[in-house]
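Please open the model in your viewer and keep the selection panel at hand. The tour below moves from one selection to the next and says what is found at each stop.

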Amino acid sequence: MKKTMIYFVGVYDTLDLFTEKLREAFEDMGYGSFVYDARLAQQSKEALIALLESNQCAIKDGASNQKQGIVCVAFNNLGYNLDLADGRNLWDAYEVPYINILMDHPFHYEKPLRNAPENSVVLCTDRNHVKYIRKYFKNIRQTDFLPHAGVELGSRHKPLAERGIDVLYAGALPIYTVSKMIPDLSSIREVDGQEMAQDVLGELIKNPERTTEDVIAAYLKDKRNDIPEQRIHEIIVQMRFIDSYATSFFREQAVRILVESGIRVTAYGTGWDQCDWSDNSYLDYRGKVLAPEILPLMNNAKVVLNTMTWFKAGAHDRIFNGMLAGAAVVTDGSTYLRREFRDGEELLMFSLKELGTLPERVFALFGHMEEAQRIAERGYRAAKENHTWKSRAEYIEEKF
């Protein structure tokens with residue numbers, strides 16, 4: 001009999017959508033499910049402990065020869081540090097493996113990762129994040145790369161020529177929500193924190209292929225040669241807001257250059273109404289919607305535009321969601337995307353260093369709709385075959 005998988009829901013709508021699709025994939029593969037709903041935390045925890053106790057009794061009674069008959073698979077540390085009444089970590093106490101899929105950079109999760117359960121596996125959506133875990137979190141015994149995946153809404157897609165949205169951007173501008181992440185820069189004793197923030201951000205904008213952690217570490221080592229590695233990590237965590245600033249800068253510039261070139265962009269997410277060019281008539285700002293509501297919008301978009309959340313060796317679910325919606329996807333590249341896809345075949349890739357070429361390439365799609373349709377169809381087939389949550393569930397089953 002296959003294992004029972006434990007999932008967590010009720011905290012973030014985006015993660016609930018991923019969880020739903022991952023659960024469906026595992027259930028189709030014959031796995032059982034237990035869903036812990038954070039909105040019903042006490043009842044869920046009691047039910048979870050009852051399940052784990054029952055599993056332990058079955059093992060002791062010899063009813064199961066699988067010591068690890070239950071596995072938790074969750075996103076972004078949800079339930080990672082659940083404690084029992086005596087203070088022990090629940091997953092350690094019941095020897096339950098916890099597969100932790102991080103959809104964001106690990107430097108956002110210093111405390112939960114530092115206190116990770118012993119049986120923890122951390123899966124990262126960018127290969128650079130895997131390196132980061134291995135370098136700075138020696139307590140985590142196993143980490144691996146698991147790319148983002150897409151969700152398909154229905155299986156019948158309108159031809160691009162019949163769709164009502166020219167270019168869709170679904171995502172917030174982080175610069176307007178990141179203020180709570182900015183530390184007291186004067187608390188960084190080793191260097192001038194304000195100067196470091198400006199220099200690091202300037203370097204990322206000048207050389208956007210670099211990672212935030214590498215630029216911060218290089219800056220610190222250039223200024224001082226006596227800062228211990230652990231302290232460098234602490235400063236990287238403090239300065240992680242720069243990552244969001246760089247992401248926000250290029251995200252805004254990508255949309256801005258399109259609308260100022262006369263290409264209509266429909267944008268969802270916070271911040272688009274706060275730009276100094278928000279009154280441009282080619283920007284159609286529609287506010288914020290929940291993650292599942294984006295999928296039908298993608299199904300009505302000719303082009304789905306993506307810019308990375310500073311993932312230089314990974315992807316983003318916007319890419320695969322757009323492909324599975326039958327849209328032509330336009331995105332900045334990464335080492336992973338360049339290995340998986342061919343520019344101009346399954347999608348279009350542009351360089352952040354050459355944003356000036358973006359309007360011309362999008363205009364070319366609209367001017368050659370038959371070729372745009374072929375790109376969309378090739379992208380759909382590629383995503384359907386290799387980049388769904390079913391694909392990711394199969395990888396997890398094989399590896400863990």
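A nonpolar core is a set of buried Ala, Val, Leu, Ile, Met, Phe, Trp, Tyr and Cys residues joined through side-chain atoms within 4.5 Å. Bear in mind that the model is a predicted one.

Begin by selecting W91, I101 and M239, which touch the most other members of the largest nonpolar core, a set of 138 residues. Helix α9 (residues 241–259) gives this core its largest share, 8 residues.

Stay with M239 and display its surroundings: leaving aside neighbours within four places in sequence, M239 is in contact with L185, I188, G193, M196, A197 and I216.

Next, select helix α6 (residues 193–206) together with helix α7 (residues 212–223), whose axes lie 10 Å apart and which pack at an angle of about 130°. Because of that angle, α6 counts as oblique to α7, and the crossing of the two is right-handed. On the α6 side, show E195, M196, D199, V200, E203 and L204, which meet T212, V215, I216, Y219, L220 and K223 of α7. The residues of this contact divide into 7 nonpolar, 1 polar and 4 charged.

To see the contact itself, display E213, I216, A217, L220 and K221 of α7 with E229, I232, I235 and I236 of α8; by class, the contact has 6 nonpolar, no polar and 3 charged residues.

Conventions. Residues are numbered from 1 along each chain as its sequence is written. This is a predicted model: local features need pLDDT of at least 70, side-chain atom pairs count only at pLDDT 80 or more; totals for chains, interfaces and linings use all residues. Side-chain values use heavy atoms; hydrogens and water are left out. Buried means under 20% relative accessible area, exposed over 50%, partly exposed in between (1.4 Å probe, protein chains only). Helices (H or I, at least four residues) and strands (E, at least two) are DSSP runs, numbered from the N terminus. Contact means heavy atoms within 4.5 Å. Axes are lines fitted to C-alpha atoms, for helices over the stretch in contact, and angles run from 0 to 180 degrees between N-to-C directions. Angles under 35 degrees count as roughly parallel, over 145 as roughly antiparallel, 65 to 115 as roughly perpendicular and the rest as oblique. A crossing is left-handed if the near helix is turned anticlockwise from the far one by less than a right angle, and right-handed if clockwise. Ala, Val, Leu, Ile, Met, Phe, Trp, Tyr, Cys and Pro count as nonpolar, Asp, Glu, Lys and Arg as charged, and the others, Gly among them, as polar.
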